[in-house]
Every structure is written in structure tokens, then in C-alpha cells.
Number of protein chains: 2
Amino acid sequence: MNYPGSINKTYKKTVINYKNRGMDLEEIINDACNYYLEKDIAVIYKKPTPIGIVQVDYANNAQIKKAYFKEPSTLDYNGIYQGKYIEFDAKECHSKTSFPLKNIHDHQLVHLSRIIKHGGICFLIINMNEKYYVFKGEDLLEFMHNTTRKSIPFDYIDTKGFPLNYNYTTGLDFIEGVNQAYKELINFEKNKN
Amino acid sequence: MNYPGSINKTYKKTVINYKNRGMDLEEIINDACNYYLEKDIAVIYKKPTPIGIVQVDYANNAQIKKAYFKEPSTLDYNGIYQGKYIEFDAKECHSKTSFPLKNIHDHQLVHLSRIIKHGGICFLIINMNEKYYVFKGEDLLEFMHNTTRKSIPFDYIDTKGFPLNYNYTTGLDFIEGVNQAYKELINFEKNKN
């Protein structure tokens, strides 16, 4: 997630565009979630941006007059797919060689490992080198466990990640990537029905 | 969820207290979620309040200067318990005789039935007549299907709902109510491990 503080000053003209760098991928994923919802494939929503409210003008239709962005301690999207809990974050990476780990907060890592421990599906959707991947939380944790590097080389993401199809009709079909990445979990649920 | 617009004018002195009527139950449930998180029993978070941002002051540490409360289309809390997707809303009811259905928005009802259809656990925690209940989404939908009443009589909630223990050490043990209400689902997961 990219916060307003990190936005380059030249972008400040566009007032609404407060998360400029992450926006395109977010829109693509929101569209995919809407598509899955319409087709009754999965129920996944982006969580609202966490905000701390300081001042509200009740006399003026409860308009918020002062508030600030809070750092998220969970991932951006969650929901249910094939009876399974699913949670993920969308990450656009502009470096062609490596994915900086500072993109993921410590609280988010703790949360991610908890979700996996409790039997949930937890991953990143990474957009890098004009490709899209489902990158499993398990692979992220394993990488961080085995190295002190502060970024993940693209090769690792390209090898471990599950590439996603992107086309203009259905958009980004990340659920197919989830099917590939979590074959055992998904098949288990399918056999149950 | 109680919105600022519905707050009685006599409460307007307390600026921070913008969701006055729902606050106590919300705090009790947040405490319970923290307890379950610490004990590694369940991973459940309250979703951030949905807010539409109109104006941000980037020069002043990205402070939000103008925003408004949005109507939620999902329920307030979600997470994972025993490998299952879980979602619920907290509702305080001040009437002793019946629970007004206007407390639940149409979008929330659609969402609730989707979650159930996809195999998730979806319910309300109702505080009424100094008692706390897990009231299953299935029972809510059945009631609404069979009647045109605009409120649920307390007797129905007391009969169908699963009463919750509340004490000062562990707070509100709503997970025990979930265990009772969803015995088959929970046992299924337990047997798996």
C-alpha cells in the first residue's frame, strides 16, 4: 500500500489521487472482485482504508473535518472462496530486478502467518515486469526466513509465483491463479460438495 | 451500525463519540477479538468504517480535511475461526419487545446470504434485554422469508439465538456461542485436524 506521504510532489496537483502508484492494480482487482461476485464465484471485498477520525461536524450532515490515514495491520482484500477464507494484498513493483520488502509492514507479516496457521489462503498479487502473479504467503515467509535480504529477486517471484492471465473482457483472472497455487486446499473443498 | 445522523442532539457535546449507541457492545466485542487473537483461538478484526474522502491536505502530512461516512454493504467484523470464514455484525437493541429490521441494510442482507451460500459462518451478535446472543444469519433470513413484519419479536431471538456468557475476566465469549450455533461446521473442521 502506498501512502500519501510517499507520493512525489509533482503528483500533488491531483487531489483525489491520493494513492497514485497503487491505483491501477487496485482498480483491476476491484473489477475482478465485482466479476466474481456477479458470477457467484467468490465473495471478496477491499477493506475500507483505515482512518483515524479527529473531528466531525454534526451540524453539517456529520461531515468529517479532520482525520488521518492509519497504517494497516491486515491485508487489503478478504473474503470467501470455495468455503475457504481468503486474504491478499495488491502490490505494484516498479523495479524490474527486485521487490522491496519494506512494501510489507511487520504487522501485516504477523497477520499473514496467523491466517496461514488458521487454515486460510493468504497471498500477494504482484505486478512486476508487466506480469501479474499470485505469490503465496508461505513462499514469502520462507524467503524471509532463509535470508536477510531486503528485497525479493524477480527470479524468485517468477519461479515461485503463479502467473495470471490478463485480458480486457474478464480482466485479471486471479482466482485461476489461486486454483493453481492452492490446488490441495481447493480440491479438498470441491470433493466435499 | 448507528450513524451520526441518527444521534440525538443532546449527545452532540461529546465530539469523539460519533457512534454513541453502538459503542459499548463494539468495545466489548473488540476486547473479545483481541483476547482470541492473543490466545490464538481466532483471527477476527473489525473492518475500518467506510469513508468517502473528498479533500486531503498533502502539505500538512496528508491530513484529511473533508470526508463523509458511507453506508456499509458488508458486516462489521470478519476473519477466520477453525479454518472457516466468519463474519458478523454487532447490534444493540434498546427495545425490550422487538428488534427493528431497519437496523440491517438491504446490501448487508444480500451479502449475508452470499456468505452463507459460499459456506461461511454469518450471524449477528445481539444485545437485548441485558442478554447477549449469537443469532444465526440463517434464522434471520428464514424469519424475513416467512413474514412481512418489520421487527423480530424478542421471543424469537430468545428461542433461536444462542445465549452468550459475559464476565469481567474474559469479557463476552461469543466464540463459545459460535461453537453451539454451528456445531456441525465446527466439528467437521475439528475432526479434520
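In the predicted model described here, A67(A) stands opposite I64(B), a residue of β3(B). Strand β3 of chain A (residues 63–69) and β3(B) run antiparallel and are joined by 2 bridges; two strands count as paired if DSSP finds at least two bridges between them. Helices (H or I, at least four residues) and strands (E, at least two) are DSSP runs, numbered from the N terminus. Because this is a predicted model, local features need pLDDT of at least 70 and side-chain atom pairs count only at pLDDT 80 or more, while totals for chains, interfaces and linings use all residues. Residues are numbered from 1 along each chain as its sequence is written, and chains are lettered from A and ligands numbered from 1 in the order in which they are written.

In all, 34 residues of chain B are in contact with 34 residues of chain A, a contact being two residues whose C-beta atoms, placed from the backbone, lie within 7 Å. On the side of chain B that touches chain A, β1 (42–46), β2 (51–57), β3 (63–69), β4 (77–81) and α2 (106–117) each supply at least two residues. The largest share, 7 residues, comes from β3(B).

Leaving aside residues up to four places away in sequence, V134(A) touches partners including F123(A), I125(A), F162(A) and L164(A).

Chain A has 6 helices and 12 strands, and buried residues make up 32% of its 193 residues.

How far can the model be trusted? The mean pLDDT of chain A (the predictor's confidence in each residue, from 0 to 100) is 86, with 83% of its residues at 70 or more. Within chain A, confidence is highest in strand β10 (residues 162–163), at 98, and lowest in helix α6 (residues 183–192), at a mean of 66. Over residues 1–23 of chain A the pLDDT is below 50. Where pLDDT is low, the predicted coordinates should not be read in detail. The model scores ipTM 0.83 and pTM 0.84.

Technical notes:
Buried ≥ 20, exposed ≤ 12 C-beta atoms within 10 Å, placed from the backbone.
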